[in-house]
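Please look over the structure shown here, and then follow the paragraphs below, which go through it step by step.

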Amino acid sequence: MEGSEEIVKKLRELLQQSEKRIREIPQEQLYVAVAVLIATFLFFLLIRLFKRTKSNTIILAGLSGSGKTLLFYQLRDGSSHQGTVTSMDPNEGTFVLHSESAKVGKIKPVHVIDVPGHSRLRTKLDEYLPQAAGLVFVVDALDFLPNCRGAAEYLYDILTKGSVVEKKIPVLILCNKTDKVTAHTKEFIRKQLEKELDKLRTSRTALSEADITNEFTLGVAGEPFSFPQCHNKVTVAESSGLTGEISHLEQFIREYVRP
Amino acid sequence: MVNSWHSKASDRALDGQKTGTFNTATIDIESDYFCATGINVEEVEVIGKSYSMFSLSSREKKDANAVQGEVQSFSKVLIFILTSRSNVSYHDRKLAGLYPLNAFEVTRLLKALGAPRYAKIYWAEGPPFGGQEALIPLTREFPHLYNKEDIAFPGELETFGNIASLMEALDNIVFESNDVFMPSHGGNMGHAIQVFNFLCGMLEQLLIFTRGGLILWTCKELGNALKGSPIDTLIRSCLLEERSGDASYNYDAPGAAYTLKWTFHNELGLIFVAVYQRILHLLYVDDLLDMVKREFSMVYDPKRTIYYNDFDDAFRQLQKEAEARVEDLKKSNKQVLRPGSNNNVQSKKLAVLRSDGQKSNGSVKGGGDKDSSKGRKLENGGVNYVNGDTKKNKENGGSDASGAFDVNKLQKLRTKGGKKTDNNTVANKAAPKVETKKKITKKNRVWDEKPLDPKLDFTDPVEERGDEHVEAVAVNHGESMMDKEEVFSSDSESEEDEEEAGEGNKGGAKKKGWFSSMFQSIAGKTNLEKTDLEPALKALKDRLMTKNVAEEIAEKLCESVAANLVGKKLGSFTRISSTVQTAMEEALVRILTPKRSIDVLRDVHVAKEQGKPYVVVFVGVNGVGKSTNLAKVAYWLRQHDVSVMMAACDTFRSGAVEQLRTHARRLQIPIFEKGYEKDPAVVAKEAIQEATRIGSDVVIVDTAGRMQDNEPLMRALSKLIYLNSPDLVLFVGEALVGNDAVDQLSKFNQKLADLATSPNPRLIDGILLTKFDTIDDKVGAALSMVYISGAPVMFVGCGQRYPDLVKLNVKTIVRTLLK
């Protein structure tokens, strides 16, 4: 008790001293100091707000060989150039979509990132996800069945990532290479993926107690999984990178990155 | 056409030839010069080169092009019939259609190729099997058929005896002036054509693309459609696997065997790849790639991804230049030879000369700077047989070459010595750190552990007596650690010491003043050179080696990191050592991240749906803990409601079956056993049948430990795997192993591939790393094993209890490796 009283006493002394000092300082200086403090605070607040609202990043993800890089260049240059090979580094660019190139200057450019699909390079996705306004998961519709499991596993990882679920990043499942006659339809691919994800859900939850990469479980327990169950919006569309038929993709981008 | 040839062989040259060293044959026909320089294949293999190096000069320049053009069009088609020095087995050769053709088939082939009736055909074999009649189908359609005996004067060939390389030289001559060649299988004529393509062969394709994967330029003139997807395969299985330091990559696909060479331009993020047929050993590719890189980087503009059509002309120029260099090589041969051959010209005779030191010098230097070390070796070889004639020359050459050799050796010794001392210093520095760390981990392990239930202690004598008591209890030992988050002590370790160590190593190499280095770090250095990286890389390599990474692998990794960094710009306020460090960290994470899913449970469920058991085979050398960790895996699987069955296929070591039986009883898992002295492959087969019958989801097969060199046992293993085609071949390796890890895994894989009867052999799918709790921070074995086999580490055994099985934590491993 005595100790606490002493402390209170000392505190009071300190308070008096500081009051004295503040009075000694000219009033103008005090105001300026406070103003600067508030200004910097507001400045940082503004920057944060600015950044949040202005996210214009679209990520292209998917298995290796599904055609992400080609889509990236279709979006940027409207041309498939001379073809592509397996990417070793992400392609990144901020540009006005090629189809809207007449409106350069009036329109907000889009920041598009093409993340390599090779499993060893997938970790790069985590770096970009926090700033994403939308994610495009590219699926090879031509060679779908042999890669179905791999694609489903990748998609599962994406859909259960904390940053995707919390920020409700919209996902577009883009069935690429539909210009080929033998390509599967988007309905078929959607059903297959749902089926695979459902299976994955049971096997992953069996060991998920330890699995730190999957922070969230997918869908509603006890029901067969379907995409509408996701917290974020998942849509399916078709495209063809080779022939430049990418209207669905552009639509998706413009939906989430307002011009 | 060769009408007549006279020969005069120098006795001394033959002497040189007989001792199996360097030999040169100059053959002078009419007014044309031909020269073939050959090294006996045995000699080359001693030197350790993968191919024999030949060179031959063409005719006088004016008609050389014509002849070559003519010849090439045919030899290009015929080339795939030749298999000289190829590593193709007889069986593969047959499958690929590389089978000796009979006269009828040859006729058909030639007709299909559109050879005209007047085509000159040279038969590089001796008398055909079945006599001249056997050739009738061919001679009827193509009357101009010759072989050596037909062309030579009686007795003329005797001068050459049965010396293969001289015969080869003769073949070379005829080869150049004929339309069609009937080469012997893998024989001298094969060599001859190999030589020809070595010098005149064509690239299949040359590509320039960005690291992002966009093709910027391809050579349209070459325009050959590549079979399969060699480029993608190269990127996926070589460049992304941190093997960029390798010299070349071999791509195999049905109907295609390519060799790919590449070079990086790291500052611009460009990759240049040249593709050519495997059997052509193109000399100029490295040069060409370098030149293309230099030229292209000048026109390249990162903002411009649209066609680089204008580069076509530049490329044409460069290719000519590169080929001219090869031409130079021929010329340098000729120049040196001319005085020698002039002596014989009056009589227009075929002369066989030996080469002297000077000449080998010249010819080898023409071959390109990269071959200079090889060249030196050749010089030495060349010097050995130089004799008589020009004594002065010999002495000069001899002393020169030996001098060079000594210097080489000395340098090697010096670098080795340097390495060693460096090692020591690093080890010394690392030692105290290691000790402090040891304490921490030990403590931590104790905290991590759950209080043990005394009943679980099986060494208790009371329980040894009555097994029945144990059974029910043993089923639950708590959660397997596979399902728990890993807690590692190393996270909190400060990185101070490491920085200091790096600095200390760097100190010696850095001779520039403090101020200039300061300025550099602020301004950012222009471009990284290989020499800038070396000290940092060396320190890094040593650090990796102290962490028990096999030397070979540490070396390769550093080379690959260097290849990815050279030419890059150093950012401001960064040091080389930290740049290298981050590059290495990325590389390590890439390597250790599994390529394929390692979700065993998922695979088990898939197999379950298909109504067959999931078969896992444990393989490995003796005493690494196969059975123990098999029990741990079984325990983990059981925890996830998967019904497991063990198969005791170690029918070799006494006590192995009993050991497994004990585990099985404690875990209450059915076991399939057939005692000893049985064929393990059959036991495994029966076990799988039994599992299918009783409806087990997983069959875990225990095999006998075997050393990687034990041929009979490896054969038995191969049979087991072939017969049962398991879903997962798990290699069990102990984390204690150092350099031997490479040997073990590569030999296991090699033997499994070699001894397999099917064309698609099963290799090791995954790795189980045992005794991980005994190694502190020396986690290098994990890296070595993954790098050498490409298989992921699927489980890590880290203790004596059943739950002590964890997943590999890539981040922790990488952090530990680089500390």
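**A salt bridge in chain B**

Glu673(B) counts as partly exposed, because its relative accessible area is 28%. The model is a predicted one, and in it Glu673(B) forms a salt bridge with Arg661(B), where the closest N and O atoms are 2.7 Å apart. Glu673(B) lies in the loop between strand E16 (671-672) and helix H26 (680-694) of chain B, while Arg661(B) lies in helix H25 (residues 656-667) of chain B, so the pair ties together parts that are 12 residues apart in sequence. Arg661(B) is also partly exposed, at 31% relative accessibility.

**Chain B as a whole**

Chain B has 30 helices and 21 strands, and of its 819 residues 52% count as buried. Its accessible surface comes to about 38,100 Å², and 53% of that surface belongs to carbon and sulfur atoms. When the contacts in chain B with a separation of 6 or more are considered, residues 24 or more positions apart account for 74% of them.

**Two aspartates in loops**

Most residues other than glycine have a negative phi. Asp641(B) sits in the loop between helix H24 (626-639) and strand E15 (644-649) of chain B, and it is exposed, with a relative accessible area of 68%. Asp776(B), again not a glycine, has a positive phi of about 50°. The place of Asp776(B) is in the loop between strand E19 (766-770) and helix H29 (780-789) of chain B, and at 27% relative accessibility this residue counts as partly exposed.

**Where chain B meets chain A**

The next step is the interface. The contact takes 42 residues from chain B and 34 residues from chain A, and the area buried between the two chains is about 3,500 Å², of which carbon and sulfur atoms give 51%. Arg211(B), Leu214(B) and Arg602(B) supply 18% of the area that chain B buries against chain A, which is more than any other three residues.

Across this interface there are 12 residue pairs in polar contact, with both residues at pLDDT 80 or more. On the side of chain B that touches chain A, the elements giving two or more residues are strand E9 (215-218), helix H10 (230-237), helix H22 (576-592) and helix H23 (600-609) of chain B. The largest share of that side, 6 residues, comes from H23(B). Sorted by class, the side of chain B that touches chain A has 18 nonpolar, 9 polar and 15 charged residues.

Just after H23(B), Gly611(B) takes a positive phi of about 75°.

**Salt bridges across and within the chains**

How many salt bridges are counted between chain B and chain A? The count between them is 4, whereas over all chains it comes to 33. In one salt bridge that joins the two chains, the side chains of Lys199(A) and Glu609(B) meet at 3.7 Å, N to O.

Lys199(A) also forms a salt bridge with Glu196(A), the closest N and O atoms being 3.5 Å apart. These two residues are separated by about one helical turn, because they are 3 residues apart in helix H7 (residues 186-207) of chain A. Lys199(A) is partly exposed at 25% relative accessibility, whereas Glu196(A) is buried, with a relative accessible area of 10%. Taken together, Glu196(A), Lys199(A), Arg602(B) and Glu609(B) are linked in a network of salt bridges.

A further salt bridge within chain A is formed by Glu100(A) and Arg254(A), whose closest N and O atoms are 2.9 Å apart. This pair links distant parts of the chain, with Glu100(A) in the loop between strand E2 (91-95) and strand E3 (110-114) of chain A and Arg254(A) in helix H8 (residues 247-256) of chain A, 154 residues apart. Both Glu100(A) and Arg254(A) are buried.

Key:
Residues are numbered from 1 along each chain as its sequence is written. Chains are lettered from A and ligands numbered from 1 in the order in which they are written. This is a predicted model: local features need pLDDT of at least 70, side-chain atom pairs count only at pLDDT 80 or more; totals for chains, interfaces and linings use all residues. Side-chain values use heavy atoms; hydrogens and water are left out. Contact means heavy atoms within 4.5 Å. Buried area is the accessible area (1.4 Å probe) that two parts lose on being put together, summed over both. A polar contact is a pair of N or O atoms within 3.5 Å; within protein, one must be able to donate a hydrogen and the other to accept it, and residues adjacent in sequence count only if both atoms are side-chain atoms. Helices (H or I, at least four residues) and strands (E, at least two) are DSSP runs, numbered from the N terminus. Ala, Val, Leu, Ile, Met, Phe, Trp, Tyr, Cys and Pro count as nonpolar, Asp, Glu, Lys and Arg as charged, and the others, Gly among them, as polar. Buried means under 20% relative accessible area, exposed over 50%, partly exposed in between (1.4 Å probe, protein chains only). Accessible areas come from the Shrake-Rupley method with a 1.4 Å probe; for residues, only the protein chains shown count as cover.
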